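Morning, everyone. Let's get the structure up on the screen. Then I'll walk you through it.

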Amino acid sequence: MTPILSTALAFPLKRSRFLAPITTCLLVLSGIHSTQAAPPNWDDHIRPILKNRCFKCHGEEDQKGDLNLQTLAAALKGGTSGEVLKKNRPNSSILLQSILHEEGVEKMPPKSSKLPDEEIELIRQWILAGLPEKSGSPSSAPATFAFKPSNPGTKPANPAMPANLPALPSAGKRANPVTALASSPWAPLIATGGHGQIAFFNAETKTNLGAIPFPEGIPQVLRFSRDGSTLLVAGGKPVQSGKVVLFDVATGKRLAAFGDETDTVLAADFSPDGKLVAIGGPNKLVKVFHTADGSLAYKITKHMDWVTALEFSPDGSRLASGDRAAGIYVWEAATGGIAMTLAEHKEAISSLTWRPDGNIIASASEDGSVILWNMKDGFPSATLTGIHTPKPQGKRYGKVPGGVLSLVWTPEGHMLSVGRDNAVREWDSNGGKLSAVEGLPTLPSRVTGTFDGKLAVIGDAEGRLLWWPKGAKEATLTP
């Protein structure tokens, strides 16, 4: 077996007395932490909002639920339901959940519409900054780490490219969406998953290089090995069967298969050294196999819902897994022992992706947020909210779905994301905005970046590929 590598808000500004501090906070919101941009504080920003909106029910005279918000000390004590503020963790703070009118918590204000977006964002940024009390108070803003490129391995003398594969079958009357997407770490090669097959494309010429069959069903995951010679394909047939198969990239030959599941495999990865394969799916289990003989190394049973994302760390020491109930766990890859629980998202996890240096793992969710987690302490280093929220069209009731559908780190330490707003976006190593293309012709389903960092490749719901030279004003369809 050859060595293996896993690959992978704006809110409307309204004129008010809070406008100036909100503008300052946008730097933090986008993930850019500036020493010149002071975060909101209790005295100047948060207490005035709560006094105007909340003191009638949660002040010195009346304290519904035993919650007093008149002073910071009282607010930190919480109420009968426990603490309502969690330092640096806005998504887990009940106070913010109540103000956002999220399901499962009591709405604040209870009989009124939500607070203005700019006030909500001030509260979010104040929590993210560590709940500072006064201007100049020390804040515990999340730590950021400069990206330091790690050794990606030795480049092969002749990086693998498919040769003499059968031609890609012509599309039928009904288009099949791109269900999986991956880029070779050393060659201009893109692999895409569709119904019953994996197709290869040359990223330089945008031409098809042929396809290999996947009779197991629909590929849900594609991963290239560290040297680019092996392709992992995971998927199956819903409520029937699931499997992981390894293919030789150059010849399309099947090398090995793992798992004999009774439902499709939704998440999979293999370790950088090629010794382990991890799989997960609707059975709520993570199974890890030895590639040498196919034996089960260990099984993880902690997930309470479908396992939807899996990825080994770049050094192979840890394995991250996410599920449909928003749970994220980090495990010791050798033993399956738990290392961290990352609790912040509210809806299904769509992607987990390690920054190439291993210091950060990014999670994407159907709740519309991306969180960058510090792997030294398990706390968020940046929280990007509402980054793929579609613009409302006409009269609409309820929340506009704004999920992040796919997220990946690129070798140079940038992130690429696509979501329900029909946009592709590029972010720097700490979550700062770089560039974007909006108005893609159809809903994007997957995204990846080429080995040389020049292109983002997007798969869409109609089975097409779009090619985006990063920073350009538009993406182009495959000829």
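The chain's accessible surface is about 21,000 Å², and carbon and sulfur atoms hold 51% of that. Those areas come from the Shrake-Rupley method with a 1.4 Å probe, and for residues only the protein chains shown count as cover. A caution on sources: this is a predicted model, where local features need pLDDT of at least 70, side-chain atom pairs count only at pLDDT 80 or more, and totals for chains, interfaces and linings use all residues. Residues are numbered from 1 along each chain as its sequence is written, and side-chain values use heavy atoms, with hydrogens and water left out.

The chain has six helices and 28 strands. These are DSSP runs: H or I of at least four residues for helices, E of at least two for strands, numbered from the N terminus.

Now a helix pair. The axes of α2, residues 42–53, and α6, residues 117–128, come within 10 Å and cross at roughly 130 degrees. Axes are lines fitted to C-alpha atoms over the stretch in contact, with angles from 0 to 180 degrees between N-to-C directions. Which residues make the contact? From α2, Trp42, His45, Ile46, Ile49 and Arg53; from α6, Glu119, Leu122, Ile123 and Trp126. Contact means heavy atoms within 4.5 Å.

Last, Glu83. Glu83 sits in the loop between α4 (72–77) and α5 (94–99). Glu83 counts as partly exposed, because its relative accessibility is 43%. Beyond neighbours within four places in sequence, Glu83 touches Gly78 and Ile94.

Terms used
Buried < 20%, exposed > 50% of the residue type's maximum accessible area, 1.4 Å probe, protein only.
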